[in-house]
Every structure is written in C-alpha cells, then in structure tokens.
Amino acid sequence: MLKNNFPPRVISVLEHQELTQNDFAIKSDFDWLIACDFDVFTARYQRGKWWLKIGHYIGVVLLPSGISLEILPKTTQTLDAVSINESRRWVCQMLSDLSQNKVTPKQKFIGQFSSNLASTNESPPLIDWLKAHFFELLSQFSPSSAYQAVIQSQTKLQGKIVIKEQLKLPPTGKLVCEIDSRSQNLISNRLIKSALLLFTHHLSGALQSWQPILPLSHQEQRQLNISYQQAQKELKAQAKSWQAQQKASQCLDFAYWLLSQQTNFQSGGAVLTKSPSAPKLCLFINMNQAFEHWAELCIANELSQNGHHTPVFQPRNVWLYDSDGAAYLSIQPDLLIYEKVKNQPAICSHVIDMKWKATANIRASDAYQLTSYAQAYGANQAWLIYPVTDNQAKPIRLQQNTATLPRNASINHLNDAKQTAAALWLMPFNVITRSLNQSQNSAQ
C-alpha cells in the first residue's frame, strides 16, 4: 500500500489484495468495512485479527472518515507513485469508454471524455475523476422545467377540483384542486440529482440550481431502467437545439451509469451496503466483465478501420442438438469478426474471447472453449485476449502436439487437420494504448 501523508485523502490498494486494520489511517474505517459486509470482500478472522481480501473488483469506497479507498487493477505490481498514476490513467479511460451508452465501433467512443486525461501527466484519484467529469457535464446542462399537474389543498378555487380527494377531507372549508404549475421536478432532472447526491462530500456552491430538485424515490431507484427510459423520452420531447440535446443526453447517460453501478451488483456493478450508514459513493467494477466489454469494443474498432470487417458482439446461438432436434447446448463467444468477400456472403474470420488474467493463469479449458467456438462458426482465426501494460509481449501461436495424434494417422490426415483447424493465438491487449500488440503474422 502506498504510504500517504497522514491523514491520507486517498488510500490506494490492489485488486485481490488482503487488508487489515493496519492498512487504514483511521482504524474505525476498517471496522466499518467489516460491518458493511460487502460482497466484493471476503472476511476472515485469524490470529486474533480480521482480514479482508478484495475480489476481482476495482473502484472507490467513500469511507466514514471522508477518506476514499481506491481499488486499482492487479496489472499494477507495485504501489509506487508512477504505477498508481499509470493505473489511474488507463482505468479512467476505460471507465470513460464504458460509461457511454449505445456504443458501436463506428462511433468515436474513444476519447470523448479523455481530453483532460491527455493534457496532464498526473492522473487524478478515481473519485476526483468521476466528480470532475460529472461536474463538467453538469456545467453544460441547465435543469429544464415544464408544466406539471400538482394537487394542492387551498382556501380558494384555482384550477379544477379533485372530487375524489375532496370527499376524503373533513369539512374544513379547504378545496382540493389540481393546478398546472411550472416545475423542475422532471424525471430527467431528478435522475441527475440522485447521481449528484453520491458526491455529497464534494458538492460545491456552484450547483445551487440543483438544490430545489427532488431526487428519485426509492421505488424509482429500484426500477432505474424504467426511470432512465422515461427520462430519455422526456429529454427528446423538449424543445432544444440538437447541440443542447446532445449535452443533456450525455449528462443523463453518465448519471444513469453512476446510479446503475450503485444498485446493479448482479450485472457487474456495485453492491448496496447492508449497513444503514452507507457512504454516498460506493462504486465497484467487476473487472472480469469490464475488461471483456472494453476490450471487445476497442478490438472491434481497430479491426473495423479497413472497412472489410464487421463485428458481432456476444452472439448467442445453438451449437448442439439432441436426437429429437431440440436445442441441447448454446454458445456465446465474446466477439465475432465477419470478413466481406467480393461477390460472396461474409464469412466468420475471427472468433475472439477475452480473459482478465495473465498468460500463466490461462487454462486448458480456455483453449478448449475457444477451439469449439472456432469450429462452430468455421473461423480460421481464434484469438484469446489477455491484458498487458506494455508493448513487450507479442502474440503467441499455439501449435498442436502431433505426438497426441493416433500413430496410424496418415500424412494426408495430418495435413487435412492442419488446414481445417483454426489458428489459435494468445493475443496481448495493451491497456495503456487500448490496442493489440500484433505481429505481422497474427494480424492476418
């Protein structure tokens, strides 16, 4: 762990690291983590003290003391200032790419939020990056208002009487009326306000315009996808210029992404704490899923540049049928690349699978799975993608051991097997450059 000046503002730790109370400047912060019982930590009591082992997650937890616990990816071997800065830099870029909705390789999703990252050699802590980008979007978006029907109890008639509600009241002389009044409590504004409240400890006086707006109700937060869809429709219906619509949509998308990470643990986001004294910001990213999604977007974008390749993301198809013709086994590779052939139907040229693991941890089952995918789609290239942080690692082609073939196999049989089998490659994906480390042969 990096030793900061006491008390630190940010404590940086690593994915899969094991923590004890001694790793925290404020001991009660560790006790609070134990009490929260986050699913991303595994707790054990041994030799008279508690240990917390981090799972395959990165993220930020705002601790009760106000210190941020920052979890960085395992690709960083040491926690010195240079390594931390490098990790923060590419993680922020990954989150920038992943936080944008409806991304396709043809869109310029890379770099939309990266201008500030590219302009400095120092990368901010994750919590500062999240706050800075969200507040930048907020500065370009003003809360809209619209007429809404409001039911009020008053002494004079205004609007129209709500008979059903009026009959419920005792005869006090007051009238229950429905009045159309202009309000900023639109669901799009309220969704953004809910995300803004995650940064309670970091709010500035410049955001006074958001104070009168109510956040989403508990029910609306539980049905966040529905609330988000309603907010999108609401924004599109507003009379705004195309540029204003784009800025509002970007702000809404980022707010939705932040909130979805807080509540959607099953899909790889963050888990809600079981403690009533939960922090305002608690963001855990499942790196198995995040790397898979990020790498497939970047690789698809890279391969699509020549115009001859078309990506298909995570297609699900039946692979095996039983004797009655019923579906028996389905497969879902991470990424397929189809190659356009002149005057012929496109063929599947690449089957690609992403693994958030080092080459030393790649198992035989990973190769079996990828080989099966290639056979099912008739692809001649099968790539298993793994992360690296430099350009030193090069693609490795895996060759079959001919000693495992039957002794009576003919030369023709061996040649046929070589021609029909897909070329299986271990392909390093450089998280710093967001591109593959390719050799001349592997790129074909």
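How many salt bridges does a search of the whole structure find? The search finds eight, a salt bridge being a side-chain nitrogen of Lys or Arg within 4 Å of a carboxyl oxygen of Asp or Glu. The model is predicted, so local features need pLDDT of at least 70 and side-chain atom pairs count only at pLDDT 80 or more, while totals for chains, interfaces and linings use all residues. Residues are numbered from 1 along each chain as its sequence is written, and side-chain values use heavy atoms, with hydrogens and water left out.

**Stop 1: Arg 9 and Asp 128**

Select Asp 128 and Arg 9, which form a salt bridge whose closest N and O atoms are 2.7 Å apart. This pair links distant parts of the chain, 119 residues apart: Asp 128 belongs to helix α4 (residues 126–139), and Arg 9 to the segment before β1 (10–14). Helices (H or I, at least four residues) and strands (E, at least two) are DSSP runs, numbered from the N terminus. Asp 128 counts as buried because its relative accessibility is 15%, whereas Arg 9, at 48%, counts as partly exposed. Here buried means under 20% relative accessible area, exposed over 50%, and partly exposed in between (1.4 Å probe, protein chains only).

**Stop 2: Glu 18, Arg 44 and the sheet**

Next, select Arg 44 and Glu 18, whose side chains meet in a salt bridge at 2.9 Å, N to O. Arg 44 lies in strand β3 (residues 41–46) and Glu 18 in strand β2 (residues 18–19), 26 residues apart, and the pair links distant parts of the chain. Arg 44 is partly exposed, with a relative accessible area of 30%; Glu 18 also counts as partly exposed, at 30% relative accessibility.

Now display the strands. An open sheet is formed by three of them in the order β2-β4-β3, with antiparallel pairing; two strands pair if DSSP finds at least two bridges between them. β2 and β3 are the edge strands, each pairing on one side only. Between β3 and strand β4 (residues 49–54) the antiparallel pairing runs over six bridges. To locate one of these positions, select Phe 41, whose bridge partner in β4 is Ile 54. Helix α1 (residues 27–36) lies across β2, β3 and β4 and runs at about 70° to β4.

**Stop 3: Asp 353 and Lys 355**

Move to Lys 355 and Asp 353, a salt bridge with its closest N and O atoms 3.4 Å apart. Lys 355 counts as buried at 16% relative accessibility, and Asp 353 is buried at 4% relative accessible area.

**Stop 4: the aromatic rings**

A search of the whole structure finds 19 aromatic pairs. Rings of Phe, Tyr and Trp (its six-membered ring) pair if their centres lie within 6.5 Å; planes under 30 degrees apart count as stacked, over 60 as edge-to-face and the rest as tilted. Select Trp 129 and Phe 254: their ring centres are 6.4 Å apart and their planes at 65°, so the pair is edge-to-face. Trp 129 is in helix α4 and Phe 254 in helix α9 (residues 242–263), 125 residues apart.

Then select Phe 134 and Phe 199, with ring centres 6.0 Å apart and planes at 45°, so this pair is tilted. Both residues are buried.

Conventions:
Contact = heavy atoms within 4.5 Å. Axes fitted to C-alpha atoms, helices over the stretch in contact; angles between N-to-C directions.
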